[in-house]
Amino acid sequence: MKPRAQPLIEALAHPASLDRFSLADWDRVIRQARAAGLLATLHHAAVDAGQTERLPARVRAQLTAAAEVAARHRDVMHWEAEAIGQTLERIGVPVMLLKGAAYVMADLEAARGRLFGDIDILVPRGALAEVEDALGRDGWVQDSRDAYDDRYYRRWMHEIPARRHAQRGTVLDVHHNILPLTARNQPAARDLWDAARRLDAPGELYVPCAEDLLLHSAAHLFLNGEFDRGLRDLNDFRRLARQFAGEPDFMARLATRAERLDLVRPLTYATRYANRLLAAGLEETATMSMPVMDALFTRGLRPDHASARDALTPLALFALYVRGHYLRMPFHLLLPHLLYKATLAKFHDTEIRDENAEKLARFRAFLGK
Amino acid sequence: MPADRLNSLDPNRIAQHLRGPDGLVFDIGPFRVRAHSRLPAIRDHVVEMYGQYPLADPDYADLRFSVNPPRGLRALWRGQVNFRFDEETPFKPLPIAQARPFFEWGLNWCIATTAHQYLLIHAAVVARGRFCALIPGRPGAGKSTLCAALVASGWRLLSDEMALIELNTRQVWPVPRPISLKNASIDILRGFAKDVFLGPVVTDTHKGTVAHMRAPADSIAAAGIPAEAAWVIYPGYRAGAALATTPVSPCRSTLRLADDSFNLPLLGARGFSVLAEVAQGCRSFELVYSRLEDALDWFDRLAGEAMA
């Protein structure tokens with residue numbers, strides 16, 4: 001049997017035909033899905049397509065194991081989001097949960113089987129100083145103590161440096177907008193707040209309205225330079241779109257909202273590639289021919305695994321990296337920043353954020369190191 | 001028809017597989033592994049320690065890993081070796097002389113970070129009939145020595161390193177592997193059981209001196225048969241001490257096992273209830289001993305009471 005070119009993408013796009021995957025295909029699907037953080041997502045796709053009983057027992061065991069972990073991630077996310085809501089309720093500041101945290105707390109399809117790296121929240125920019133104090137009192141400490149990074153974040157970014165909980169190790173990103181202050185596209189945070197939906201939960205917790213959830217997901221993916229989680233993010237977008245596209249006129253409302261938030265381009269891309277790679281079946285307003293972008297994005301959106309790459313992948317990833325930075329910052333700011341990162345940053349004491357650090361520490365301890 | 005075993009291939013053929021694009025694919029308990037290596041030491045390790053394991057169809061493996069010298073510039077500094085789990089490199093390289101233990105430690109890591117369909121507990125597991133004993137133990141408590149001695153005297157080896165407890169059935173699944181003996185226990189075991197096969201002694205690892213004892217063929221052949229947890233034994237070797245046992249309450253035992261679990265934090269409440277149920281269904285003891293013979297007698301009496 002001929003091996004599939006992109007087995008994980010095909011599996012996500014067409015879960016109803018999982019029973020036609022050969023064992024050799026599964027070997028690559030599982031490795032690619034592990035690298036892309038999508039193994040548990042695939043489990044739920046197989047369950048929804050009624051395929052689990054038809055899968056080879058070994059494959060089923062791998063998917064089940066991943067689903068156990070994802071279920072726990074979800075519990076933790078739920079718990080942490082409520083805790084943060086309560087912390088900030090004490091100082092009377094509303095919290096909008098973004099991305100994964102929002103999917104969990106709004107109980108959306110996109111939360112099933114998803115793994116969570118960190119928690120993203122949005123707070124009013126004017127309340128940042130109070131928020132930092134309140135979080136600090138509850139054990140959230142700044143991760144990196146690098147002075148350059150700190151200044152860089154506060155002056156140019158849409159978030160402050162990441163915080164890590166001193167006891168629990170959870171990482172928290174506090175935003176005041178969804179795109180950097182320097183980015184070409186400038187959605188207004190006010191608009192997000194005006195449309196946000198209040199959750200029925202302790203604390204003053206909000207999630208973005210459905211349209212904004214999709215637009216943020218698209219913006220995060222297509223205005224960014226790093227694509228190592230690209231396929232997961234595209235799949236988030238597809239799942240959100242599938243869940244809401246049933247509402248009358250949803251796609252039209254989404255297009256209008258994209259104009260209002262200055263996010264038309266990322267929405268166009270997200271819809272295009274969710275359709276092309278993941279068979280999302282979404283309505284597209286314009287189907288232009290864009291062979292160069294197609295060549296770049298289709299490579300960028302593949303799982304970050306050797307078996308999914310081709311000869312042009314490194315070039316495509318580099319081009320996307322440069323593009324992402326260009327979109328986030330004008331050149332007169334970007335060049336000095338990249339120059340600093342490439343040279344002087346090495347001489348400063350920068351901590352590397354590593355989601356696996358805790359896991360590694362535990363197993364190093366197990367090995368007796 | 002039973003599958004062919006690794007030792008149906010001659011060592012050169014095994015080396016070819018290990019070097020080849022498909023690696024060497026074989027089954028260890030519930031896991032199908034794909035091993036890659038260009039190192040003669042790993043070929044020897046596989047030939048000596050894994051000869052009895054069933055070969056498998058190379059199309060699919062659950063866990064793919066390699067033990068090889070680094071490529072590129074680092075290869076210029078000879079004498080180092082990397083463990084890679086598919087494309088991850090979870091550890092810093094080790095001296096090439098430690099390739100054999102690195103194979104075992106690395107494979108432990110692959111299992112412990114992926115096999116969350118089980119509650120995983122850091123414990124040796126040995127069985128008599130359908131019942132098994134979990135022997136958790138901090139480094140130095142004598143877990144592996146006791147496990148090796150029990151296995152050498154007829155207990156079935158389920159694992160030297162981790163108990164795999166299936167979440168739905170609470171059954172303990174075997175993953176028989178070479179037993180890793182450290183420091184003084186290497187000579188103790190040589191003196192205790194003349195007919196066990198020990199691999200070469202590797203010195204100066206982070207655990208001191210290490211040698212592997214081959215798992216008995218019967219235990220490997222029974223790798224598909226789970227056991228029921230009946231005992232939890234917390235060993236403590238103490239020079240010169242007479243054998244003494246102290247019962248441990250199920251409640252206390254639950255908490256101690258929780259401390260020794262690899263993935264309880266990942267499994268959360270569900271894992272904890274499985275753990276509590278297992279501890280509730282077991283007799284648990286602290287066991288202090290100095291003479292292995294005494295400890296083995298005590299284990300045999302324990303097994304006898306359960307069978308009676």
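In the predicted model, D27(B) sits in strand β1 (residues 24-28) of chain B, strands (E, at least two residues) and helices (H or I, at least four) being DSSP runs numbered from the N terminus. D27(B) is buried, at 13% relative accessibility; buried denotes under 20% relative accessible area, exposed over 50%, and partly exposed in between (1.4 Å probe, protein chains only). The side chains of D27(B) and R32(B) are joined by a polar contact of 2.7 Å. A polar contact is a pair of N or O atoms within 3.5 Å; within protein, one must be able to donate a hydrogen and the other to accept it, and residues adjacent in sequence count only if both atoms are side-chain atoms. Neighbours within four places in sequence left aside, D27(B) is in contact (heavy atoms within 4.5 Å) with R58(A), R32(B), Y53(B), P54(B) and A56(B).

Residues are numbered from 1 along each chain as its sequence is written, with chains lettered from A and ligands numbered from 1 in the order in which they are written. Local features need pLDDT of at least 70 and side-chain atom pairs count only at pLDDT 80 or more, while totals for chains, interfaces and linings use all residues; side-chain values use heavy atoms, with hydrogens and water left out.

Six salt bridges are counted between chain B and chain A, each requiring a side-chain nitrogen of Lys or Arg within 4 Å of a carboxyl oxygen of Asp or Glu. One joins R309(A) to E87(B), with closest N and O atoms 3.8 Å apart.

R31(A) forms a salt bridge with D27(A) at 3.1 Å; both lie in helix α2 (residues 23-36) of chain A, four residues apart. R31(A) is buried at 14% relative accessibility, and D27(A) is buried at 5%. R31(A) also meets D86(B) in a salt bridge (3.1 Å, N to O). This pair crosses between chains, with D86(B) in the loop between β4 (80-85) and β5 (94-95) of chain B.
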